[in-house]
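Let's take a walk through this protein model together.

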Amino acid sequence: MIRIAGLFTAFLILAGASLSPASAEDKTITVFAAASMKNALDEVDAAYTAKTGVKFSVSYAASSVLAKQIEQRAPADVFVSADTDWMDYAISKKTINEPSRVNLLGNSIVLIAPKESKIDNVTIAQGFDLAKLAGDGRIATGDVKSVPVGKYAKAALEKLGAWQAAEPKFAMAESVRAALTLVARGEANLGIVYSTDAKVEPGVKIVGTFPADSHPAIIYPVAATTTARPETNDYLAFLRSTAAKTILEKYGFKFLVSPTT
């Protein structure tokens, strides 16, 4: 009887040892990320999975939506915001592990038009007439009250003196990717999105770039939530690595930190 019990115990130990690699592979990190991150972050995550076996569940949406979902205790390990305001908001609600926060990426905003549009080479400067340029059509961007790209767009247009005339023509989308789609489908004559979004959508073209000093700096902070799994720290370190930098810069993001190896 003692011998049988001993063999059973040995079997459990061996079984546990054989299952441990599988359990490592079954680990999943849940990421809430700004919609503009999708293509680049999908590739970064695939590289991390190939390296570690850790898998991902990613929700892409406007930073405002994600911050409020995290506030309502949606299960997330990582938050990537397209502006500092919504990360600050999440920190104020005590849903973010503040010491883990890093201002990781930069971006720019551009004016886009459908690929076949006759609009081209727009000089965006003080006094440019966006309303006239749009004609009878609409101008798409994110909701200027909450979606980061919309907030950046409104700030730029106000500084350049173009907001008041153009405001009635704006179609406010729920995210930057929704605005991008409106332009790609020809449902809006123009749009204001991030340069990184325009580069991954073949249905649009960039017709002008907003001066960097016409709006607040575009910064993407990343941080762990207060309920993050332990393996999240290693993933955050990977986001700062040379490997991640290479991928993110390929998509047009600016890397704002010194990369680690």
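Keep in mind that this is a predicted model. Find Asp 83, which caps the N-terminal end of helix H4. One of its side-chain oxygens lies 3.1 Å from the backbone nitrogen of Trp 86. Just past the helix, Lys 94 has a positive phi of about 60 degrees.

Now, which residues of H4 are buried? They are Trp 86, Met 87, Ala 90 and Ile 91. These four span an arc of only 145 degrees around the axis, so they sit on the same side of H4.

| Element | Residues |
|---|---|
| Helix H3 | 63-71 |
| Strand S3 | 78-80 |
| Helix H6 | 148-160 |
| Strand S10 | 219-224 |

S3 and S10 also belong to an open, mixed sheet of 6 strands, ordered S2-S1-S3-S10-S4-S11. S2 and S11 are at the edges with a single partner strand each, so one side of each has no neighbour in the sheet. S3 and S10 run antiparallel, joined by 3 bridges, and Val 78 stands opposite Ala 224 in S10. Helix H10 packs on this sheet, its direction making about 155 degrees with that of S10.

What about the nonpolar cores? The largest has 76 residues, and Met 37, Leu 130 and Phe 210 touch the most other members. H6 gives the most to this core, with 6 residues. A second, separate core of 12 residues includes Trp 86, along with Ala 67, Ala 76 and Ile 96.

Terms used
Residues numbered from 1 in each chain as written. Predicted model: local features only at pLDDT ≥ 70, side-chain atom pairs only at ≥ 80, totals over all residues. Heavy atoms only, no water. Buried < 20%, exposed > 50% of the residue type's maximum accessible area, 1.4 Å probe, protein only. Helix = DSSP H or I, 4+ residues; strand = E, 2+ residues; numbered from the N terminus. Arc of directions from axis to C-beta. Contact = heavy atoms within 4.5 Å. Polar contact = N/O pair within 3.5 Å; in protein donor to acceptor, adjacent residues only side chain to side chain. Core = buried A, V, L, I, M, F, W, Y, C linked by side-chain atoms within 4.5 Å. Pairing = 2+ DSSP bridges. Axes fitted to C-alpha atoms, helices over the stretch in contact; angles between N-to-C directions.
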